[in-house]
Amino acid sequence: MVTKQDSGRATISEIAREAGVSVPTVSKVLNGHAHVAAATRAKVEEIIARRDYARRPAKRSKKAGLIDLVFPGMGSEWACEIIEGVERVAQEAGYGTVVSSLSLDGSRIRPWLANLAERKSDGVLLAVYELDSKQIQRIKSLGIPVILIDPVGQPGPDLMTVGAANWDGAFSATEHLLKLGHTRIGMIGGREDLQCSSAREDGYLAALRRAGVEVDPSLMVPGDFSTESGARGTEALLALPQRPTAIFTGNDAQALGAYRAARSAGLRIPEDLSIIGFDDIPAAEWIEPGLTTIRQPVVQMAETAMRALLRHLEGDEELPQRIELGTELVVRGSTAAARAR
């Protein structure tokens, strides 16, 4: 008789539990390592076969000592911090880094894939990027593992991702403004195709609803994470019959645009308009007044993704599908208590 336990594909932890051995012991059997008793090996192999365990490819030898890091564009401080974090861990482990910029429309993906196959890179980190199933399969057919950093869209269940707690950060930003007495809080959104944008919008909305503040759709304007979109969004919000007393921008670049638009309108920050951003780029500290923002651990995200890739290359079977790092509210001079009008 086939039991419920026997019928489904197992995880390595379930195999270890059923065999009465440790996860490392099962991993040794899966990877063909010696120093496993014959009886134990036979027992584990029997459970693997019966539970239809999907073996990963055998551990790859270090072919080129290279890691590919791919961005849709490298002109931002965010990208520089990702490169810093990846290269720091990669160099410590003896790997070089090949950095590529590929447009999100996929127009340059084919030549990059050809170069990747020629280089025989050991792994790929994709930052704010999305590949279709055929492209992912092409990389996997080369025996190259892939990890996504702050991915676009919804990645498939077989891809590991590393990101920040965007919902929590946006909730904290909005809650901070609410505690200062602001109820008309504008939001300038980010690029619609990015997972982080929707998470930040949801966090903003959740904070308003929890505080019992009615959501006003006119206070939510689109953006694309650029300084220009921050300026345009702020101009649109200030043109409302009843303008907001505070604005939460999707990132710090948009906050810099909001500063510019507010000053062009003759408004003082924070006396007439409070502004809060997201990321905590270096400019957030030295701009006047200093920008209140949500600190996103960008360098740590990159380091975490690189370490996870190294673990994968070492044959680690227990990597989580998603690693999410916490954010932190950094209060500076751009936010203040709401003033009666």
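User: Leaving aside its neighbours within four places in sequence, which residues is Glu303 in contact with?
Analyst: This is a predicted model: local features need pLDDT of at least 70, side-chain atom pairs count only at pLDDT 80 or more, and totals for chains, interfaces and linings use all residues. Residues are numbered from 1 along each chain as its sequence is written, and side-chain values use heavy atoms, with hydrogens and water left out. Contact means heavy atoms within 4.5 Å. With neighbours within four places in sequence set aside, the contacts of Glu303 are Gly85, Arg88 and Val89.

User: Is Glu303 buried or exposed?
Analyst: Glu303 is placed in helix H13. Helices are DSSP runs of H or I with at least four residues, strands are runs of E with at least two, and both are numbered from the N terminus. Buried means under 20% relative accessible area, exposed over 50% and partly exposed in between, with a 1.4 Å probe and protein chains only. Glu303 has a relative accessible area of 11%, so this residue is buried.

User: How many residues of H13 are buried?
Analyst: H13 is mostly covered. Among its buried residues are Val298, Met301, Thr304, Leu309 and Leu313. Strand S1 (66-71), helix H5 (77-92) and strand S11 (322-325) are included in what covers them.

User: How far does helix H13 reach from its first C-alpha to its last?
Analyst: H13 spans residues 298-313, which is 16 residues. The expected span is 1.5 Å times one less than the number of residues. For H13 that expectation is 22 Å, and the model comes close to it, at 23 Å.

User: Which residue with positive phi follows H13?
Analyst: The residue after H13 has phi near 90°. That residue is Gly315.

User: What is the order of the strands in the open sheet?
Analyst: The sheet has 4 strands with parallel pairing. Two strands pair if DSSP finds at least two bridges between them. Strand S7 (220-221) and strand S9 (274-276) are the edges, each pairing on one side only. The order is S7-S6-S8-S9.

User: Which residue in S8 is the bridge partner of Gly186?
Analyst: Strand S6 (residues 185-188) runs parallel to strand S8 (residues 246-249), and the two are joined over 4 bridges. Gly186 has its partner in S8. The partner is Ile247.

User: What is the angle at which helix H8 runs to S8?
Analyst: Axes are lines fitted to C-alpha atoms, for helices over the stretch in contact, and angles between N-to-C directions run from 0 to 180 degrees. Helix H10 (residues 227-238) lies across S6, S7 and S8, at about 145° to S6. Helix H8 (residues 166-179) lies across S6, S8 and S9. Its angle to S8 is about 170°.

User: Why is the pair of Trp167 and Phe171 stacked?
Analyst: The structure holds 1 aromatic pair. Rings of Phe, Tyr and Trp (its six-membered ring) pair if their centres lie within 6.5 Å; planes under 30 degrees apart count as stacked, over 60 as edge-to-face and the rest as tilted. Trp167 and Phe171 are 4 residues apart in helix H8, so about one helical turn separates them. Their ring centres are 5.3 Å apart, and the pair is stacked because the planes lie at 15°.

User: Which ring does the charged end of Arg200 sit over?
Analyst: A charge sits over a ring if NZ of Lys or CZ of Arg is within 6 Å of the ring centre and within 35 degrees of the ring normal. For Arg200, the distance to the centre is 3.8 Å. The ring belongs to Phe278.

User: Where is Pro270 found?
Analyst: The peptide bond from Ile269 to Pro270 is cis, with omega near 5°. The bond from Glu288 to Pro289 is also cis, with omega near -5°. Pro270 sits in the loop between helix H11 (252-264) and S9.

User: What is the phi of Asp279?
Analyst: Asp279 is in the loop between S9 and H12. At a relative accessible area of 10%, Asp279 is buried. Although Asp279 is not a glycine, its phi is positive, at about 135°.
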